[in-house]
Amino acid sequence: MTESNPRISRITKAVIPAAGLGTRFLPATKATPKEMLPVVDKPAIQYVVEEAVSAGLDDVLMITGRNKRPLEDHFDRNYELESALQRKGDAGRLAKVQESSDLATIHYVRQGDPRGLGHAVLCAAPHVGAEPFAVLLGDDLIDPRDPLLARMVQVQERTGGSVVALMEVAPEQIHLYGCAAVKPTEEDDVVEVTGLVEKPEPAEAPSNYAIIGRYVLNPRIFDILRTTEPGRGGEIQLTDALQQLAENHTTATTAEGGPVHGVVFRGRRYDTGDRGDYLRAIVRLACEREDLGPDFRAWLRHYVTEEMQRT
């Protein structure tokens, strides 16, 4: 295996876009950010921050918008609540409350005009500077037993350029995702990305490799995003900027920004992007919890049996 490139910066920064309105979860998200909706007993956004920290990225920037103040409150100290728990001697709940405020150094910047994921990432440019960085989308929760982000960081630090997370999906589902044209490398879980297209029709998709919500990006992406025209949906698409990076590397005289690679993910992913998948994610995670799983699985078996008998 190729040794790490000493000229490539060690990645320490993660960017989490969190400015979306969450319209698919209305009316729950009228006054509550969708990122704060609980997945069992933690808000979805905390799972994402924990994933970044476990991969060694403890400098986190959240791209927020209006009505997102609860995000900041969640990762801040709550002295009144902590004092109340201390007086009660409730060390277990006190530890859970303090955990979120001790996870990482978290910064916030507002995306004043929500113009798509590419625009949200561009808002991170002053904080990130000239360093490679990770982007984590809150709709995709990755099981901590499957360290996808750590693997992506490893690949980027060795190869430079940018790395996207890919997952094979059924052909009829590819129109829901960005899609990558790829060619194999010497590693089974790593491919070179030669092209990308945002939400193609199945007949026009170059593969069934879908881009899921994890990226490790070369800072050159900011220069491209500044000149990227609105694409699908009238928004500035990160996929379009990555397509230009991939195209520059394979066809242009300059390879500035490096190649684009994909890490093919075959682990456990919990999609909280729509109501049905959100509920399924809660059930799966609850079933796997040591403190909840045994009783919950027993109830679930009983409930499903009763429902089958009724039909």
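Lys199 sits in the loop that links β10 (190-198) to β11 (209-217). In this predicted model, Lys199 has a positive phi of about 50 degrees, even though it is not a glycine. That's worth a second look, since most residues other than glycine have a negative phi, and most peptide bonds are trans.

Val40 is another case: its phi is near 65 degrees, again positive in a residue other than glycine. Val40 belongs to the loop between β2 and β3 (42-43). As for the cis side of things, a cis peptide bond joins Leu26 and Pro27, with omega at about 10 degrees. Pro27 is in the loop between β1 (13-17) and β2 (38-39).

| Residue | Relative accessible area | Class |
|---|---|---|
| Lys199 | 32% | partly exposed |
| Val40 | 26% | partly exposed |
| Gly56 | 33% | partly exposed |

Gly56 lies in the loop between α1 and β4 (59-64). Leaving aside residues up to four places away in sequence, Gly56 touches Ile11 and Thr12. Tyr209 is 153 residues from Gly56 along the chain, and the C-alpha atoms of the two are separated by 27 Å.

Now for the interior. In soluble globular proteins, nonpolar side chains tend to be buried together. Here the largest nonpolar core has 49 residues, and Ile16, Leu57, Met62, Leu136, Leu148 and Val216 have the most contacts inside it. Helix α1 (residues 44-54) supplies the largest share of this core, six residues. Apart from that core lies another one, of 33 residues, including Leu122, Val135, Leu217 and Leu245.

What does Ile16 touch, not counting residues up to four places away in sequence? The list runs to Ile45, Val48, Val49, Val60, Leu61, Met62, Ile63 and Leu136.

On to a helix pair. Two packed helices are described by the angle between their axes and the distance between the axes. For helix α3 (residues 79-88) and helix α4 (residues 91-102), the angle is about 160 degrees and the axes are 9 Å apart. That angle makes α3 roughly antiparallel to α4, because anything over 145 degrees counts as roughly antiparallel. The α3 and α4 crossing is left-handed.

Which residues meet where α3 and α4 pack? From α3 come Leu81, Glu82, Leu85 and Gln86, and they meet Arg93, Leu94, Val97 and Gln98 of α4. Sorted by class, this α3 and α4 contact holds four nonpolar, two polar and two charged residues.

Note on methods. Residues numbered from 1 in each chain as written. Predicted model: local features only at pLDDT ≥ 70, side-chain atom pairs only at ≥ 80, totals over all residues. Heavy atoms only, no water. Core = buried A, V, L, I, M, F, W, Y, C linked by side-chain atoms within 4.5 Å. Buried < 20%, exposed > 50% of the residue type's maximum accessible area, 1.4 Å probe, protein only. Helix = DSSP H or I, 4+ residues; strand = E, 2+ residues; numbered from the N terminus. Contact = heavy atoms within 4.5 Å. Axes fitted to C-alpha atoms, helices over the stretch in contact; angles between N-to-C directions. Parallel < 35°, antiparallel > 145°, perpendicular 65-115°, else oblique. Left-handed = near helix turned anticlockwise from the far one by under 90°. Nonpolar A, V, L, I, M, F, W, Y, C, P; charged D, E, K, R; others polar.
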